Amino acid sequence: MNLKKYFIRALHRLQKGPGYTYKELLVWYCDNTNTHGPKRIIKEGPKKKLIWFFLTLLFASLVFWQWGILINTYLSYNVTSSLSIGFKTMKFPAVTVCNANPFKYSEVKHLLKELDRLIEVALERILQPTPGNSSENASPPLDLELWHQIPLVLIDEHDKDNPVIVDIFESNQTALGNQTAGGNQTAADNQTAADNQTAADNQTAADNQTAADNQTAAGNQTAAPPAQANTTSEEKKYKLAVKLCSHQGSDNCTYRNFTSAAQAVTEWYILQSTSILSKVPLQERIRMGYQAEDMILACLYGAEPCNYKNFTQIYHPDHGNCYIFNWGMDEEALNSSNPGAEFGLKLILDISQQDYIPYLSSAAGARLMLHQQKSFPFLKDQGIYAMAGTETSIGVLVDELERMGYPYSDCTMNGSDVPVKNLYSQYNTSYSIQACLRSCFQNHMIEICGCGHYMFPLPERVNYCNNEDYPGWAYCYSSLRSSIRHRQICIDSCKETCNDTQYKMTISMADWPSEASEDWIFHILSYERDMSTNVTLDRNGIIKLNIYFQEYNYRTISESAATTIVWLLSSLGGQFGFWMGGSVLCLIEFGEIIIDALWITIINVISWCKGLKQKRVQARYPDAPPTVSELVEAHTNLGFQHEDTDALPRDEVLPPEPGTPPPNYDSLRVQPLDVLGPDSDAE
């Protein structure tokens, strides 16, 4: 009960408000505030009052303008980068070594046999061999089904407004016609060679044609005509392109042009071999690659010998079998005891260049990469080549990157907040932006093309693309790869890692072994590998690597917030104090007057609502409301009412009946609240 009375009393006191009007409240604030300016407005004369009012308004506007700039600067979450140099014993990086050639040609030759024959004949037609020098005469007929799935075409640009598309192999295998860029193809059956005939325009297939005019097609094949001997490069206005269609026989095709036939042939061969190898089981692909015991001839880490058993094997689609030293998956990562070449990793590798796939691997050497422990090596992006017949020394410097997370940057600690499913998690590796971008591309390809690309990992219950099961996969893959929209989606979805370690390499090379020592070195290495006294190794297949820390100094590039809450508060206070001489207490005073003004507003609104209610009642009852006695008199007992004398004769008027008049109830009238005494709330 006492608590109820306390709240009622507090409510009555609040209803009184801090003042009666806004003017009185404003005068009280200007007279009592510690902020410079408002006091002068009420104490000076009319002219100075106007000047001080203008100056106070101007400086207050400047304060709020500066505050807006400072708050906007703070909310932009800028960072500053600082560089620090430290010295400590560091973990030796994980070293991944691969062969530039993914498979031994002797192991995959049976799978690529028809593909190799097709490209050999196609190259002869592109290069226009001399009469009688064709290899088609002694070869069996070609199976053109593989060719028609992803063909190579010649684009004749003599007439740039109407280029002509010429297929290298004619579909009816008798004569080569002209195909326009729109996909319409015509055939010339008995076409003769004119003097101004060019290599990309027409082809003759007559049996009685002389060898000096054109090359005769053997069996059921035709060959592109040779160019004239005096044909210049300006006259050969044709390009080689890969024709990609949504499905075989469709007019919905695109042509990937190349400035060089070498680029076109390599790209075409990669697409075709990808389709073939995607159907080979993983274990069979591992068996067809280079094995660790054959590739790693010698290993030395510091003063401790090592061998191929100290390497972890993974399968990389671009390079086949790769081997990682010091990956840290099964055992603790190794530390480097000292900087310098004698305390690093020394390797001798055999890349067996003579067993390279001729049309798939145009570069010879070893592909290697330095990276963090438990991270997947993306050699195509971050790897380097080591050339055969050389000793390559790689000095390493370490850069540690420390980025600030949200809201200062859009980085991630472990990839758990990235909306892309990491397909490389099956290797138990850590998150990286390269893994995210490739996983995002593979997910888009599965969604759009219905199959996954051979170069990237697959999710469950999804197959790799190939020409037989997915005829339009190459067209879909090419369109997706060139799509800026899908690329931007992946870039926006993936995030950089907040903490990263980068290895800066200084590379130097020298011929190895020297001419004076190559004889005994090759004898020893051949004997250790093959147990043979004959030399089975040569300079074209041997690589020596030296990987070491140049120094133990490491650089840490860390980010820190350029603006903090302490900076913001000090800057806001500095501007307020400089322009108006205010402080935090002045802000509290200003907040107080705002609260008081709100109370006055609330009281005025309540009073207005009460007045409006009273006006509505008065409009409903224009006369004064009856008193209680009047209401009682209207309902008195009929026994006390006088009879109507008009209803009786005059001579029969009854005398007045005795009775008691009703009491006057005005003494019981309830008084309104506003007439109560000031101490009535104390009861």
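**Exercise 1.** In this predicted model, which residues of helix α4 are buried, and what covers them?

*Solution.* Look for residues under 20% relative accessible area. In α4 these are T56, A60, V63, Q66, W67, L70 and Y74. Next, look at what lies over them: the cover includes α3 (38-43), α15 (565-580) and α16. As background, residues three or four places apart point the same way, because an α-helix has 3.6 residues a turn.

**Exercise 2.** Describe how helix α2 (residues 22-32) packs with helix α16 (residues 584-620).

*Solution.* Start with the axes: they come within 10 Å and cross at roughly 170°. Angles over 145 degrees count as roughly antiparallel, so α2 and α16 are roughly antiparallel to each other. Then list the contact. From α2 it takes in Y22, L25, L26, W28, Y29 and N32. From α16 it takes in E589, F590, E592, I593, D596, A597, I600, T601 and N604. Sorted by class, the contact has 9 nonpolar, 3 polar and 3 charged residues.

**Exercise 3.** Is R438 buried or exposed, and which residues does R438 touch?

*Solution.* Locate R438 in helix α11 (residues 433-449). Its relative accessible area is 16%, so R438 is buried. Leaving out residues up to four places away in sequence, R438 touches F378, D381, Y424 and F456. Y424 is 14 residues from R438 along the chain, and their C-alpha atoms are separated by 9.0 Å.

Definitions and conventions
Residues numbered from 1 in each chain as written. Predicted model: local features only at pLDDT ≥ 70, side-chain atom pairs only at ≥ 80, totals over all residues. Heavy atoms only, no water. Axes fitted to C-alpha atoms, helices over the stretch in contact; angles between N-to-C directions. Helix = DSSP H or I, 4+ residues; strand = E, 2+ residues; numbered from the N terminus. Parallel < 35°, antiparallel > 145°, perpendicular 65-115°, else oblique. Contact = heavy atoms within 4.5 Å. Nonpolar A, V, L, I, M, F, W, Y, C, P; charged D, E, K, R; others polar. Buried < 20%, exposed > 50% of the residue type's maximum accessible area, 1.4 Å probe, protein only.
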